[in-house]
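Please read the points with the sequence and the model at hand.

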Amino acid sequence: MMGAELEIVAESGSARVGRLITERGVVDTPAFMPVGTRGAVKTLSPGDLSDLGAQILLANLYHLSLRPGVEVIEGLGGIHRFVGWQGPILTDSGGYQIYSLSRLREVDEDGVTFQNHLDGAPMRLTPELVAERQQRLGVDIAMVLDECPPWPVEEETARASLERTLVWARRCREAWRDEGPGSLFGIVQGSTFRPLREEAVERLTALELDGYAIGGVSVGEPDLERGSVVEWTAPRLPRDRPRYLMGVGYPGDILHAVRQGVDLFDCVLPTRSARHGLLFTRGGELRIKHAEFREADEPPDPECSCPTCRQVSRAFLHHLCRYEPMTAHVLATRHNLAFYLDFLSEVRQAIETGTLPELESRFVFDRRGEAPAASP
């Protein structure tokens with residue numbers, strides 16, 4: 001089994017620059033994937049994403065299965081044609097919804113049954129269905145079905161969840177059609193228990209999947225424990241396969257994970273924060289709704305070349321947040337995604353030139369509590 005291939009072109013310590021080669025194109029890594037849960041990033045078009053430098057998009061099988069349905073997307077020519085994005089697409093399997101919709105689902109050894117959050121009708125996901133549906137969509141990277149446990153969790157419960165996730169990964173692998181489209185990635189679980197994480201890596205990599213993700217983080221655990229999970233896990237994953245940290249996060253967390261050898265990232269933080277008036281800049285976070293920006297004439301980030309920073313001031317964005325929120329959402333989302341994509345581009349350059357410490361000194365990495373609550 002070998003779908004997407006990772007070609008490592010530069011290293012600095014454990015950090016590496018690579019080329020993730022897929023049938024739909026090459027992704028320069030480390031890379032950030034904008035989150036288009038239902039196939040679209042809120043307020044932005046596929047053309048906007050391309051113009052900002054995005055190379056790969058993330059969507060969600062659970063949500064697409066509900067609306068408009070796998071059959072509809074398949075009948076319209078597959079997910080790329082349906083959403084108007086011709087680059088690579090990665091889909092999460094629905095494992096995160098096992099965590100986020102815990103009151104609306106029942107997990108058993110065979111899979112999970114949701115009382116879906118739209119109308120309460122049952123929807124069944126099994127490892128085999130997850131593999132089949134993602135290949136029918138025509139995605140480039142598919143995730144196995146996993147159980148994402150909450151935090152805090154007892155070690156015994158985390159152990160049971162891990163065993164289920166490993167069984168599901170094997171079943172996904174067995175159901176995956178190697179002659180079909182796309183690549184299949186496994187997900188390392190184990191909560192914040194180091195022995196479980198290390199065991200998960202050993203048993204999951206024995207399946208020889210196309211890539212591996214670190215899951216079950218950013219679910220409420222303290223920053224230090226989240227960082228420790230990445231440090232325990234990433235270096236043990238196969239060097240020649242892509243490594244993906246799911247749902248992270250703040251720029252400082254991303255840089256820490258890059259130093260451990262992680263290649264792919266996704267998070268709703270830049271887009272959801274934009275809709276709450278929080279902007280990421282090289283000088284730190286801006287809460288643009290605050291009165292201090294009412295007469296601020298400078299751009300949101302003077303060092304940013306995105307359309308928002310080239311065209312409007314902090315004062316205008318402050319004004320729009322109060323009186324034209326839809327326009328404010330568009331402009332802020334463009335900026336935040338540009339910041340994340342440009343940040344990863346600068347990280348790649350710093351790895352190639354051996355200047356990661358100097359890059360870190362050019363940014364102010366704020367961390368002010370948790371991100372706004374995630375949607376289902």
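Is R259 buried, partly exposed or exposed? With a relative accessible area of 31%, R259 is partly exposed (buried means under 20% relative accessible area, exposed over 50%, partly exposed in between, with a 1.4 Å probe and protein chains only).

1. Basis of the note. This is a predicted model, in which local features need pLDDT of at least 70, side-chain atom pairs count only at pLDDT 80 or more, and totals for chains, interfaces and linings use all residues. Residues are numbered from 1 along each chain as its sequence is written, and side-chain values use heavy atoms, with hydrogens and water left out.

2. The partner of R259. R259 forms a salt bridge with E360, with 2.9 Å between the closest N and O atoms (a salt bridge is a side-chain nitrogen of Lys or Arg within 4 Å of a carboxyl oxygen of Asp or Glu). This pair links distant parts of the chain, since R259 belongs to helix α10 (residues 251–259) and E360 to helix α15 (residues 356–361), 101 residues apart. Helices (H or I, at least four residues) and strands (E, at least two) are DSSP runs, numbered from the N terminus. E360 counts as partly exposed, at 33% relative accessibility.

3. Other salt bridges. The count comes to 32 salt bridges. In one of them, the side chains of R124 and D108 meet at 3.0 Å, N to O. R124 lies in strand β9 (residues 122–125) and D108 in the loop between β7 (105–107) and β8 (112–115), so the pair ties together parts that are 16 residues apart in sequence. A network of salt bridges links D108, D110, R124, E128 and R171. Within helix α8 (residues 194–205), R203 and E199 are 4 residues apart, about one turn of the helix; their salt bridge has its closest N and O atoms 2.8 Å apart.

4. The sheet. An open sheet is formed by 3 strands in the order β1-β2-β3, with antiparallel pairing (two strands pair if DSSP finds at least two bridges between them). The edge strands, β1 and β3 (25–29), each pair on one side only. β1 and strand β2 (residues 15–22) pair over 7 bridges, and E7 stands opposite R19 in β2.

5. Residue E11. E11 is found in strand β1 (residues 5–12) and counts as partly exposed at 45% relative accessibility. Not counting residues up to four places away in sequence, E11 touches R16, R239 and I351 (contact means heavy atoms within 4.5 Å). E11 and G261 are 250 residues apart in sequence and 9.1 Å apart in space, C-alpha to C-alpha.
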